[in-house]
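Here is a short report on one protein model.

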Amino acid sequence: MAQVTPEVLWAQRSSSTDPEKNFIYLTISVPDVPKQNLKLDLKSTTLSFSGHSETLKRTYQLDLTFYGEIDPENSKTHHTARNVEMKLRKKDLKEEYWPRLLKDAAKVQFLKTDFDKWVDEDEQNEAPEDDFSQFGGGGMGGMPGMGGMGGMGGMGGMEGMGGDFGGIDFSKLGAGAGEAGSDDEEDEDDDEDMPALEGEEDAKAETAKTEK
(Lines give C-alpha, C1' and ligand atoms only; values in the text may rest on other atoms or scores of the structure.)
Protein backbone atom coordinates (compact mmCIF):
# COMPACT_ATOMS: atom_id res chain seq x y z
CA MET A 1 0.00 0.00 0.00
CA ALA A 2 1.55 3.30 -1.08
CA GLN A 3 1.99 5.90 1.67
CA VAL A 4 2.60 9.44 0.47
CA THR A 5 2.90 12.96 1.84
CA PRO A 6 0.10 15.06 0.35
CA GLU A 7 0.68 18.42 -1.30
CA VAL A 8 -0.04 21.32 1.06
CA LEU A 9 -0.91 24.85 -0.08
CA TRP A 10 -0.83 27.79 2.31
CA ALA A 11 -1.47 31.50 2.54
CA GLN A 12 -2.05 33.90 5.42
CA ARG A 13 -3.57 37.12 6.72
CA SER A 14 -2.50 39.16 9.74
CA SER A 15 -4.02 41.71 12.09
CA SER A 16 -3.01 43.25 15.40
CA THR A 17 -6.61 44.08 16.35
CA ASP A 18 -9.05 41.64 14.66
CA PRO A 19 -8.69 37.89 15.40
CA GLU A 20 -10.96 37.07 12.46
CA LYS A 21 -8.38 38.58 10.10
CA ASN A 22 -5.37 36.90 11.70
CA PHE A 23 -5.16 33.40 10.28
CA ILE A 24 -3.49 30.78 8.10
CA TYR A 25 -5.11 29.22 5.02
CA LEU A 26 -4.14 25.57 4.69
CA THR A 27 -5.26 23.19 1.94
CA ILE A 28 -4.25 19.51 2.12
CA SER A 29 -4.65 17.83 -1.27
CA VAL A 30 -6.07 14.36 -0.62
CA PRO A 31 -8.32 13.30 -3.54
CA ASP A 32 -11.07 10.79 -2.90
CA VAL A 33 -10.56 10.43 0.86
CA PRO A 34 -13.99 10.23 2.55
CA LYS A 35 -14.55 11.60 6.05
CA GLN A 36 -14.62 8.19 7.68
CA ASN A 37 -11.15 7.43 6.31
CA LEU A 38 -9.33 10.47 7.64
CA LYS A 39 -7.97 11.56 10.99
CA LEU A 40 -6.90 15.06 11.94
CA ASP A 41 -5.19 16.04 15.19
CA LEU A 42 -4.75 19.79 15.49
CA LYS A 43 -2.84 21.28 18.42
CA SER A 44 -1.45 24.73 19.16
CA THR A 45 1.89 24.10 17.44
CA THR A 46 1.37 20.88 15.44
CA LEU A 47 -0.91 19.24 12.91
CA SER A 48 -1.08 15.51 12.29
CA PHE A 49 -3.16 14.17 9.41
CA SER A 50 -3.74 10.72 7.97
CA GLY A 51 -6.20 9.56 5.35
CA HIS A 52 -6.83 6.63 3.05
CA SER A 53 -8.28 6.49 -0.46
CA GLU A 54 -9.81 3.13 -1.35
CA THR A 55 -10.10 3.92 -5.05
CA LEU A 56 -6.56 5.25 -5.40
CA LYS A 57 -5.12 2.59 -3.06
CA ARG A 58 -3.15 5.29 -1.32
CA THR A 59 -2.57 6.32 2.29
CA TYR A 60 -1.68 9.91 3.09
CA GLN A 61 0.38 10.93 6.12
CA LEU A 62 1.28 14.47 7.15
CA ASP A 63 2.94 15.96 10.25
CA LEU A 64 3.56 19.69 10.57
CA THR A 65 5.15 21.82 13.30
CA PHE A 66 4.08 25.43 12.90
CA TYR A 67 6.29 28.50 13.04
CA GLY A 68 4.05 30.05 15.69
CA GLU A 69 1.07 29.09 17.82
CA ILE A 70 -2.49 28.77 16.58
CA ASP A 71 -5.85 28.61 18.36
CA PRO A 72 -7.37 25.17 17.64
CA GLU A 73 -10.71 26.05 19.25
CA ASN A 74 -11.31 28.91 16.84
CA SER A 75 -9.91 27.22 13.74
CA LYS A 76 -12.19 25.89 11.03
CA THR A 77 -12.17 23.02 8.53
CA HIS A 78 -13.99 22.09 5.33
CA HIS A 79 -13.81 18.74 3.51
CA THR A 80 -14.34 18.29 -0.23
CA ALA A 81 -13.90 15.42 -2.68
CA ARG A 82 -10.40 16.69 -3.44
CA ASN A 83 -8.97 18.14 -0.26
CA VAL A 84 -9.25 19.29 3.34
CA GLU A 85 -9.31 23.08 3.67
CA MET A 86 -8.47 24.76 6.96
CA LYS A 87 -8.59 28.25 8.39
CA LEU A 88 -6.19 28.24 11.32
CA ARG A 89 -6.44 31.25 13.60
CA LYS A 90 -3.09 32.58 14.78
CA LYS A 91 -2.91 32.85 18.56
CA ASP A 92 -0.93 36.09 18.71
CA LEU A 93 -2.38 39.23 17.16
CA LYS A 94 0.37 40.76 15.06
CA GLU A 95 0.46 43.01 12.04
CA GLU A 96 3.47 41.16 10.63
CA TYR A 97 3.16 37.98 8.59
CA TRP A 98 4.78 34.78 9.70
CA PRO A 99 8.04 34.52 7.72
CA ARG A 100 7.15 30.90 6.92
CA LEU A 101 4.57 28.27 7.85
CA LEU A 102 6.84 25.74 9.53
CA LYS A 103 9.17 26.04 12.50
CA ASP A 104 11.99 24.45 10.53
CA ALA A 105 13.37 26.80 7.87
CA ALA A 106 14.41 23.91 5.60
CA LYS A 107 12.49 23.80 2.31
CA VAL A 108 10.12 20.86 1.85
CA GLN A 109 8.89 19.73 -1.56
CA PHE A 110 5.25 19.13 -0.59
CA LEU A 111 4.64 22.65 0.74
CA LYS A 112 3.73 25.40 -1.74
CA THR A 113 2.34 28.92 -1.64
CA ASP A 114 -1.36 29.15 -2.48
CA PHE A 115 -1.17 32.02 -4.96
CA ASP A 116 -4.96 32.00 -5.45
CA LYS A 117 -5.38 33.10 -1.83
CA TRP A 118 -2.12 34.90 -1.16
CA VAL A 119 -2.18 38.65 -0.59
CA ASP A 120 0.92 40.70 0.18
CA GLU A 121 1.15 41.99 3.72
CA ASP A 122 0.80 45.64 2.70
CA GLU A 123 -2.21 44.94 0.43
CA GLN A 124 -4.46 43.13 2.89
CA ASN A 125 -6.88 46.01 3.36
CA GLU A 126 -7.50 46.16 -0.38
CA ALA A 127 -8.23 42.44 -0.72
CA PRO A 128 -11.87 41.29 -0.96
CA GLU A 129 -13.51 39.68 2.05
CA ASP A 130 -13.03 35.91 2.21
CA ASP A 131 -16.04 33.58 2.18
CA PHE A 132 -15.88 30.95 4.92
CA SER A 133 -19.58 30.09 4.93
CA GLN A 134 -18.82 26.46 4.04
CA PHE A 135 -16.31 26.02 6.83
CA GLY A 136 -17.31 24.26 10.04
CA GLY A 137 -15.93 25.17 13.45
CA GLY A 138 -14.37 23.31 16.32
CA GLY A 139 -12.26 20.79 14.45
CA MET A 140 -13.13 17.93 12.13
CA GLY A 141 -16.45 17.18 13.80
CA GLY A 142 -17.83 20.52 12.63
CA MET A 143 -17.26 19.94 8.92
CA PRO A 144 -20.54 20.33 6.97
CA GLY A 145 -21.59 18.86 3.67
CA MET A 146 -20.21 15.38 4.22
CA GLY A 147 -23.43 13.48 3.53
CA GLY A 148 -23.25 11.37 0.38
CA MET A 149 -19.57 12.04 -0.25
CA GLY A 150 -18.86 8.32 -0.43
CA GLY A 151 -20.65 8.18 -3.77
CA MET A 152 -18.06 10.38 -5.44
CA GLY A 153 -15.92 7.39 -6.40
CA GLY A 154 -12.81 8.36 -8.30
CA MET A 155 -13.97 11.81 -9.28
CA GLY A 156 -11.49 13.52 -6.97
CA GLY A 157 -8.56 11.91 -8.75
CA MET A 158 -9.96 12.75 -12.14
CA GLU A 159 -10.31 16.41 -11.22
CA GLY A 160 -6.71 16.44 -10.07
CA MET A 161 -5.61 15.06 -13.43
CA GLY A 162 -7.40 17.88 -15.19
CA GLY A 163 -5.45 20.40 -13.14
CA ASP A 164 -2.12 18.94 -14.26
CA PHE A 165 -2.82 19.94 -17.85
CA GLY A 166 -4.55 23.23 -17.18
CA GLY A 167 -7.98 21.72 -17.81
CA ILE A 168 -7.26 20.87 -21.45
CA ASP A 169 -9.39 18.05 -22.86
CA PHE A 170 -6.96 16.16 -25.06
CA SER A 171 -9.71 13.95 -26.46
CA LYS A 172 -11.31 17.02 -27.99
CA LEU A 173 -7.98 18.12 -29.40
CA GLY A 174 -7.68 14.73 -31.09
CA ALA A 175 -11.19 15.03 -32.46
CA GLY A 176 -10.41 18.50 -33.73
CA ALA A 177 -7.35 17.20 -35.55
CA GLY A 178 -9.48 14.49 -37.14
CA GLU A 179 -12.01 17.02 -38.28
CA ALA A 180 -9.25 19.18 -39.72
CA GLY A 181 -7.98 16.14 -41.61
CA SER A 182 -11.44 15.57 -43.03
CA ASP A 183 -11.55 19.16 -44.26
CA ASP A 184 -8.18 18.71 -45.95
CA GLU A 185 -9.43 15.57 -47.67
CA GLU A 186 -12.51 17.40 -48.89
CA ASP A 187 -10.32 20.20 -50.23
CA GLU A 188 -8.21 17.64 -52.05
CA ASP A 189 -11.36 16.12 -53.55
CA ASP A 190 -12.40 19.57 -54.70
CA ASP A 191 -9.01 20.11 -56.31
CA GLU A 192 -9.30 16.81 -58.15
CA ASP A 193 -12.70 17.83 -59.51
CA MET A 194 -11.51 21.15 -60.87
CA PRO A 195 -10.00 19.91 -64.20
CA ALA A 196 -13.23 18.10 -64.99
CA LEU A 197 -15.17 21.29 -64.45
CA GLU A 198 -12.84 23.21 -66.74
CA GLY A 199 -13.30 20.48 -69.39
CA GLU A 200 -17.02 20.83 -69.14
CA GLU A 201 -16.73 24.56 -69.68
CA ASP A 202 -14.61 23.97 -72.82
CA ALA A 203 -17.17 21.51 -74.13
CA LYS A 204 -19.95 24.02 -73.63
CA ALA A 205 -17.91 26.68 -75.44
CA GLU A 206 -17.36 24.35 -78.46
CA THR A 207 -21.07 23.53 -78.54
CA ALA A 208 -21.94 27.19 -78.57
CA LYS A 209 -19.56 27.85 -81.52
CA THR A 210 -21.05 24.93 -83.47
CA GLU A 211 -24.58 26.18 -82.99
CA LYS A 212 -23.54 29.60 -84.35
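In which strand is Thr 77 found? Thr 77 sits in strand β7, residues 76–79. Its relative accessible area is 2%, so Thr 77 is buried (under 20% relative accessible area; exposed is over 50%, partly exposed in between; 1.4 Å probe, protein chains only). Thr 77 and Leu 88 are 11 residues apart in sequence. In space, their C-alpha atoms are 8.4 Å apart.

This is a predicted model, in which local features need pLDDT of at least 70 and side-chain atom pairs count only at pLDDT 80 or more, while totals for chains, interfaces and linings use all residues. Residues are numbered from 1 along each chain as its sequence is written, and side-chain values use heavy atoms, with hydrogens and water left out.

**Fold**

The protein chain has two helices and 10 strands (DSSP runs numbered from the N terminus: helices are H or I with at least four residues, strands are E with at least two). Along the sequence the pattern is β-β-β-β-β-β-β-β-β-β-α-α. Of the 212 residues in the protein chain, 31% are buried.

**Aromatic pairs**

The whole structure holds four aromatic pairs (ring centres of Phe, Tyr and Trp, the last by its six-membered ring, within 6.5 Å; planes under 30 degrees apart are stacked, over 60 edge-to-face, the rest tilted). Two of them are tabulated here.

| Pair | Geometry | Centre to centre | Angle between planes |
|---|---|---|---|
| Trp 10 and Trp 118 | edge-to-face | 5.6 Å | 80° |
| Phe 23 and Tyr 25 | edge-to-face | 5.1 Å | 85° |

The pair of Trp 10 and Trp 118 links distant parts of the chain, 108 residues apart. Trp 10 belongs to strand β2 (residues 7–12), and Trp 118 to the loop between β9 and β10 (136–137). Trp 10 is buried because its relative accessibility is 8%. Trp 118 has a relative accessible area of 26%, so Trp 118 is partly exposed. Ring pairs also bring in Tyr 97, forming a cluster of Trp 10, Tyr 97 and Trp 118.

In the other tabulated pair, Phe 23 is buried at 3% relative accessible area. Tyr 25 is buried too, at 5% relative accessibility.

**Surface charge**

Which residues gather in a patch of negative charge on the surface? They are Glu 95, Glu 96, Asp 120, Glu 121, Asp 122 and Glu 123. Patch members have over 30% relative accessible area and no salt bridge, and like charges are joined within 9 Å. A salt bridge puts a side-chain nitrogen of Lys or Arg within 4 Å of a carboxyl oxygen of Asp or Glu. Glu 95 lies in the loop between β8 (83–89) and β9 (111–113). With a relative accessible area of 41%, Glu 95 is partly exposed.

Conventions
Patch = residues over 30% accessible without salt bridge, like charges linked within 9 Å, V, L, I, M, F, W, Y side chains within 5 Å. Areas by Shrake-Rupley, 256 points an atom, 1.4 Å probe, with all protein chains shown as cover. Lys, Arg positive; Asp, Glu negative; His and termini not counted. Charge placed at Lys NZ, Arg CZ, Asp CG, Glu CD.
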